[in-house]
Amino acid sequence: MSLVDLANPSRFLKFANRALPWLGGVTVIAFAFGLNQAMGAPDDYQQGATVKIMFLHVPSAWLGMLAWGIMSIAALGTLVWRHPLADVAAKAAAPIGAAFTLLCLVTGSLWGRPEWGTYWVWDARLTSELVLFLLYLGVIALWRTVEDPSRAARAAAILTLVGAVDLPIIKFSVDWWNTLHQGASVFRLGGSTIYPTILMPLLVMAVAFTLLFVTLHIAAMRNEILRRRVRTLRLMQAQATS
Amino acid sequence: MEAINHLPFIVGAYAAAFVVIAGLIAWVMLDFRTQRRALADLEMRGVTRRSAVERPQRPMAEAEEKV
């Protein structure tokens, strides 16, 4: 089955029904392995035991940005190609991305208190991440405000593309401004600066979180397709009875 | 000693992750159940998609699903 075939909602539903149990199983295994690695990781020479919070914080931050990236591609699909599944994908990704961004902010605060001595500081990285969370809330509110899904999709797509400006700001904020938040340490020119005993659990947890995101996104897309079918059928029923 | 001092923050972070992830899973599963029930209810009343029946009734034939 090619990606083009999956563009058909009925085929996507069949694919989702088959793939979700497998994806769920692989995600559970990945989390079991990742948590085992995370709990067995040594303390960092500077952060001490709080480095264990990084195994949640960093993947959450990546997924918060990944979800908005997917929504931005889907927004192009809605505005340019009017792809039938594009706005379904964007709408389904928004609450999941918002949840991971919130988790990133909460775990970051819980790490910041013992390490920086404060839960929050108006640092460029933290502020741009908070802006991303507020953008998520804005898009979710927009979807809920406009009743017609196709009209809501176009409005949400425009807001999503405007909000995509925040992604490079988040990524490069630590380079462009003098921030309390540390600079890039995993993906950077010259290689990672993290010792392998801490880097490995971090990467395994990132894979587990990504699998969780994919599973939840496919499941949420399936729900959204079903919701639209219910809406269409209710409209038909109302037309038939009037 | 340091690990004990920082334990509430570590436990708090993992508890927050558990709550957020469990919440997402519950949201997706409950939503799926709600939509399936709604579809089943409509089908019981004879409201079905054109492609789901062999001989569609008139209102079904007019239905052109966007998704």
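Modeller: A residue is called buried if 20 or more other C-beta atoms lie within 10 Å of its own, exposed if 12 or fewer, and partly exposed in between, with C-beta atoms placed from the backbone. This is a predicted model, in which local features need pLDDT of at least 70, side-chain atom pairs count only at pLDDT 80 or more, and totals for chains, interfaces and linings use all residues. Residues are numbered from 1 along each chain as its sequence is written, while chains are lettered from A and ligands numbered from 1 in the order in which they are written.

Biologist: What percentage of the residues in chain A is buried?

Modeller: The C-alpha atoms of chain A fill a box of roughly 70 × 35 × 30 Å along the principal axes. Of the 242 residues in chain A, the buried share is 40%.

Biologist: How many helices and how many strands does chain A have?

Modeller: Both are DSSP runs numbered from the N terminus: helices are H or I with at least four residues, strands E with at least two. Along the sequence the pattern is α-α-α-α-α-α-α-α. The count for chain A is 8 helices and 0 strands.

Biologist: Which helices do the buried residues of α5(A) pack against?

Modeller: Contact means that two C-beta atoms, placed from the backbone, lie within 7 Å. The buried residues of α5(A) include Leu132(A), Tyr136(A) and Trp143(A). Their partners in chain A are α3 (51-81), α4 (86-116), α6 (149-163) and α7 (166-176).

Biologist: Which residues does Ala89(A) contact, leaving aside its neighbours within four places in sequence?

Modeller: Beyond its sequence neighbours, Ala89(A) is in contact with Ile70(A), Ala74(A) and Met221(A).

Biologist: Which element of chain B gives the most to the side that touches chain A?

Modeller: The contact takes 39 residues from chain A and 29 residues from chain B. On the chain B side, α1 (2-44) and α2 (58-61) give two or more residues. With 21 residues, the top contributor is α1(B).
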